Amino acid sequence: MIRFDILTVFPEMFASVLGCSLLKKASDRGVIDIRLHDIRSHTEDKHRMTDDAPYGGGGGMVMKVDPIDRTLQSIPRMADDVPVILLTPQGEPFRQRTAEKLALYPQLILLCGHYEGVDERVRTHLVNREISIGDYVLTGGELSAMVVVDAVSRLIPGVLGNSESAGSDSFSMGVLEYPHYTRPAEYRGWKVPEVLLSGNHREIEAWRRKQSLLRTRERRPDLLAEGGLTEKEERWLAEEADEE
Ligand code: ADE
């Protein structure tokens with residue numbers, strides 16, 4: 001069970017993602033608890049402003065510190081060390097390992113940044129982490145928060161069914177996944193590799209491992225550097241390189 005508290009000026013953006021598939025089932029079963037907090041409802045001025053022009057001039061708007069602070073104060077903390085995370089392109093890169101570590105907390109507080117950015121005092125006084133989901137700039141942190149909620153949730157026991165367990169995913173193994181096939185065994189002349197129909201589980205496992213490594217070497221050689229291959233696996237890859 002994990003609780004996500006999401007601070008946003010666009011709570012309606014979350015309905016479709018959280019309202020279907022595995023995340024909805026997990027919410028319905030109480031395995032994850034997602035609370036949306038509308039920052040605007042914590043404004044105190046008559047225009048309900050969540051952003052304002054930057055001191056010093058320049059373009060764009062800056063998210064105000066006070067409504068964010070009041071929203072944060074309205075959220076109970078389930079532990080002393082709850083991560084309070086600002087989603088921003090300036091944050092640390094979000095990886096599978098990040099998701100695994102975050103999944104160990106009872107609660108995550110996610111603040112969706114917007115406009116030109118947030119008042120720097122949010123960074124220095126209110127959040128204790130900043131995360132980026134990739135080297136590109138989105139219109140706001142909402143999609144990023146959903147990415148974090150999704151990647152973390154599927155690691156929580158009971159969110160995925162047994163058959164979908166997260167243990168053999170790409171990245172959690174340090175390599176990309178092997179190719180998958182299902183019926184029919186042949187379609188338009190496109191055949192399923194013979195070994196998968198053989199029933200020989202040792203051979204199948206070896207084939208899959210080799211495919212994983214070959215695919216990783218081809219697409220993401222950067223992952224292999226830390227992959228910790230056995231000698232046999234190194235030889236497989238070397239053989240394959242000779243054949244090319
Ligand atoms: N907000 C805008 N772009 C983002 C990114 N790449 N990661 C996290 N939050 C963001």
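Begin the tour at strand E5, which supplies three residues to the shell around the ligand, the largest share of that shell. The model on display is predicted.

**The ligand and its shell**

Select strand E5 (84-93) together with strand E8 (129-132); each of these strands gives at least two residues to the shell around the ligand. Next, display the whole shell, which consists of 13 residues. Ile133, Gly134, Tyr136, Leu138 and Ser144 are the closest of them. Colour the shell by residue class: seven of its residues are nonpolar and six are polar, while none is charged.

Which backbone atoms approach a nitrogen atom of the ligand? Begin with Ile133, where a polar backbone atom is 3.0 Å from a ligand nitrogen. Proceed to Gly134, which places a backbone N or O atom 3.1 Å from a nitrogen atom of the ligand. Then select Thr88, where the corresponding distance, again from a backbone N or O atom to a ligand nitrogen, is 3.2 Å. Taken on its own, the ligand has 260 Å² of accessible area, and the protein covers 97% of it.

**Leu23 in helix H2**

Now select helix H2, residues 21-28, and find Leu23 within it. Is Leu23 buried or exposed? Leu23 counts as buried because its relative accessibility is 7%, below the 20% limit for that class. Beyond its neighbours within four places in sequence, Leu23 is in contact with Val17, Leu18, Ile32, Val149, Asp150 and Ser153.

**Thr43 in a loop**

Move on to the loop that runs between strand E2 (32-38) and strand E3 (51-52), and select Thr43 there. With a relative accessible area of 12%, Thr43 is buried. Display its side chain, which reaches the backbone oxygen of Arg40 at 2.6 Å.

**The whole chain**

Finally, return to a view of the entire chain and colour it by domain. The domain assignment gives domain 1 as residues 2-153 and domain 2 as residues 173-243. How far apart do the C-alpha centres of domain 1 and domain 2 lie? The distance between these two centres is 39 Å.

How values were computed: Residues numbered from 1 in each chain as written. Predicted model: local features only at pLDDT ≥ 70, side-chain atom pairs only at ≥ 80, totals over all residues. Heavy atoms only, no water. Domains from an automatic or database assignment. Near = heavy atom within 4 Å. Polar contact = N/O pair within 3.5 Å; in protein donor to acceptor, adjacent residues only side chain to side chain. Areas by Shrake-Rupley, 256 points an atom, 1.4 Å probe, with all protein chains shown as cover. Helix = DSSP H or I, 4+ residues; strand = E, 2+ residues; numbered from the N terminus. Nonpolar A, V, L, I, M, F, W, Y, C, P; charged D, E, K, R; others polar. Buried < 20%, exposed > 50% of the residue type's maximum accessible area, 1.4 Å probe, protein only. Contact = heavy atoms within 4.5 Å.
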